[in-house]
There are 2 protein chains.
Amino acid sequence: MQSRIPPSARTGGRPRNAAADTAILESTRQALVDLGWSKLTLGDVAARAGVAKTTLYRRWAGKSELVVDAVAELFDELELPDRGSLAADIEGVVLQFAALLGRPETKTALMAVVAESTSDEPLRERIRTSIVDRQKRLVLAGRKRAQERGELPPEPDPAAAGHTADLIFDVIAGAVVHRALVSAEPVDEEWAHRFTLLLLGGLAAATSRP
Amino acid sequence: MQSRIPPSARTGGRPRNAAADTAILESTRQALVDLGWSKLTLGDVAARAGVAKTTLYRRWAGKSELVVDAVAELFDELELPDRGSLAADIEGVVLQFAALLGRPETKTALMAVVAESTSDEPLRERIRTSIVDRQKRLVLAGRKRAQERGELPPEPDPAAAGHTADLIFDVIAGAVVHRALVSAEPVDEEWAHRFTLLLLGGLAAATSRP
DNA sequence: TCTCTTTCGCTACGAGTCGTAGCGTAACTG
DNA sequence: CAGTTACGCTACGACTCGTAGCGAAAGAGA
């Protein structure tokens, strides 16, 4: 789960300064805001955090790994409050995700690390566990809640249920990311409402016809 | 529409070597395959294309602009053959788009230039006209065809029709990109079929309720 | 044909970044 | 106290960047 380079396994010796981790990750996010992904340098981050550049390289393998950790912390905020109905829950998660993507540090970092991950399998795995899975939980939780409400039928086949969840997740996350970053149009309440209507209609059709 | 730096406006003088453009763009795509976005250097591209590095800088402002042009050419291949039904048309465009995203050169380049564009407005505009709009045409053509078949109702309000097309486009393109690049799962015929079922159901619900 | 203009390949350059190595010092363990 | 590890600092070679300057090549117009 950690993309940090672990401290030496052997016992004894000076422990790592935990406060430095916090300062480094916070400085990374601030540097992303000020400079964007491509102009961000590890030397700059180190100077902002008040640590030596070598300390950074002792803890992270490179720029991508550091930025993944810095951005992943922001995804901890994601939650799924019960808004009473599946439609309201979907709108809520869409707007929450959009708010996260509205931040300049996530905007520039998220696409960049995904681009890097296309030719770096370990990095992709880190992104999956640190970022993607945290979003996916919301989809699974939302479905479970809707099934308990009776808004969605229970799915006996676990494999099919997994495929459906994967599909829904790609549709939600993909649409929001594309709207926010590629089309560069606002993900406001009206858009979220239109999108939710579309998705709910599709769900009804897809579940009635396996 | 051109992201290239235009040749000098004044008449006369030695004309630009048009073959060099072809060689440069082709070399750029090959370098993307071999090196990926982050390790691609303009000096390397120039060497592969058999031109001087300075020639590259005379025609393109930087790495992002060059890669956008190199990748945009691939999106010319996109077409929308009439497969007889809206469902078949959607599946066709999804699989076609997925095939494009399956290429290593588009995989690594597309996300990277979008990431850059989050802090570079002119670049975003170039991406929109060179790449995004070429995909969007397919959505508009598909809807028009479906309306002529009677599969979709005509939309009297042009503003609402535009919003709907934008939404559909973000859903299709976003879902395919997310599936292919973030989830890193194959966009095969089965997935395309499931996705099409979902989208068609949503369309039916969304158009019945304005 | 001669002149003007622009592009081309080539070389060279200062500036900046990268990731690492070496050193002395600080911090914690047994 | 001795042993071990993390830290800050400096310095380094290698690389990339984007630009400048040069002479030669390739067309347009007189």
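1. Start with a salt bridge inside one helix. In this predicted model, the side chains of A:Arg29 and A:Glu26 meet at 3.2 Å, N to O. Both residues belong to helix α1 of chain A. They sit three residues apart, about one turn of the helix. A:Arg29 counts as buried, at 11% relative accessibility. A:Glu26 has 39% and counts as partly exposed. The cut-off for buried is under 20%, so A:Arg29 falls below it.

2. Next, a salt bridge between helices. B:Arg59 and B:Asp21 pair through their side chains, with N to O at 2.3 Å. B:Arg59 lies in helix α3 of chain B and B:Asp21 in helix α1 of chain B, so the pair ties together parts that are 38 residues apart in sequence. Are the two partners buried or exposed? B:Arg59 is buried, with a relative accessible area of 6%. B:Asp21 also counts as buried, at 17% relative accessibility.

3. Stay with B:Arg59 for its surroundings. Helix α3 of chain B covers residues 53–59. Besides the salt bridge to B:Asp21, the side chain of B:Arg59 reaches the backbone oxygen of B:Asn17 at 3.2 Å. Which residues does B:Arg59 contact, leaving aside its neighbours within four places in sequence? They are B:Arg4, B:Ile5, B:Arg16, B:Asn17, B:Ala20 and B:Asp21.

4. B:Asp82 forms a salt bridge with B:Arg149, and the closest N and O atoms are 2.8 Å apart. B:Asp82 lies in the loop between α4 (63–72) and α5 (86–102) of chain B, and B:Arg149 lies in helix α7 of chain B, so this pair ties together parts that are 67 residues apart in sequence. B:Arg149 counts as partly exposed, at 28% relative accessibility.

5. In chain A, look at the salt-bridge network. A:Asp82, A:Asp89, A:Arg145, A:Arg149 and A:Glu151 are linked in it. Over all chains, the structure holds 42 salt bridges.

6. On the fold: chain A has nine helices and zero strands. From the N terminus on, the order of elements is α-α-α-α-α-α-α-α-α. The C-alpha trace of chain A spans about 60 × 40 × 30 Å along its principal axes. Chain A has 210 residues, and buried residues make up 49% of them. What share of the contacts in chain A with a separation of 6 or more comes from residues 24 or more positions apart? The share is 66%.

7. A:Gly13 deserves a brief look. This residue sits in the segment before α1 (18–39) of chain A. At 70% relative accessibility, A:Gly13 counts as exposed. The cut-off for exposed is over 50%, so A:Gly13 passes it. A:Gly13 and A:Val71 are 58 residues apart in sequence. In space, C-alpha to C-alpha, A:Gly13 and A:Val71 are 31 Å apart.

8. How are the two chains related?

9. Now the extent of the interface. Contact involves 42 residues of chain B and 41 residues of chain A. The two chains bury about 3700 Å² between them. Carbon and sulfur atoms account for 65% of that area. Which residues of chain B lose the most area to chain A? They are B:Leu167, B:Asp170 and B:Leu198, together 17% of what that side buries.

10. Finally, what the interface is made of. Between chain B and chain A the count is zero salt bridges. There are eight residue pairs in polar contact between chain B and chain A, both residues at pLDDT 80 or more. The elements of chain B that give two or more residues to the side touching chain A are α1 (18–39), α6 (104–117), α7 (121–149), α8 (158–182) and α9 (189–208). α8(B) gives the most to that side, with 15 residues. By class, the side of chain B that touches chain A has 23 nonpolar, 10 polar and nine charged residues.

Technical notes
Residues are numbered from 1 along each chain as its sequence is written. Chains are lettered from A and ligands numbered from 1 in the order in which they are written. Side-chain values use heavy atoms; hydrogens and water are left out. Helices (H or I, at least four residues) and strands (E, at least two) are DSSP runs, numbered from the N terminus. Buried means under 20% relative accessible area, exposed over 50%, partly exposed in between (1.4 Å probe, protein chains only). Contact means heavy atoms within 4.5 Å. Buried area is the accessible area (1.4 Å probe) that two parts lose on being put together, summed over both. A salt bridge is a side-chain nitrogen of Lys or Arg within 4 Å of a carboxyl oxygen of Asp or Glu. A polar contact is a pair of N or O atoms within 3.5 Å; within protein, one must be able to donate a hydrogen and the other to accept it, and residues adjacent in sequence count only if both atoms are side-chain atoms. Ala, Val, Leu, Ile, Met, Phe, Trp, Tyr, Cys and Pro count as nonpolar, Asp, Glu, Lys and Arg as charged, and the others, Gly among them, as polar.
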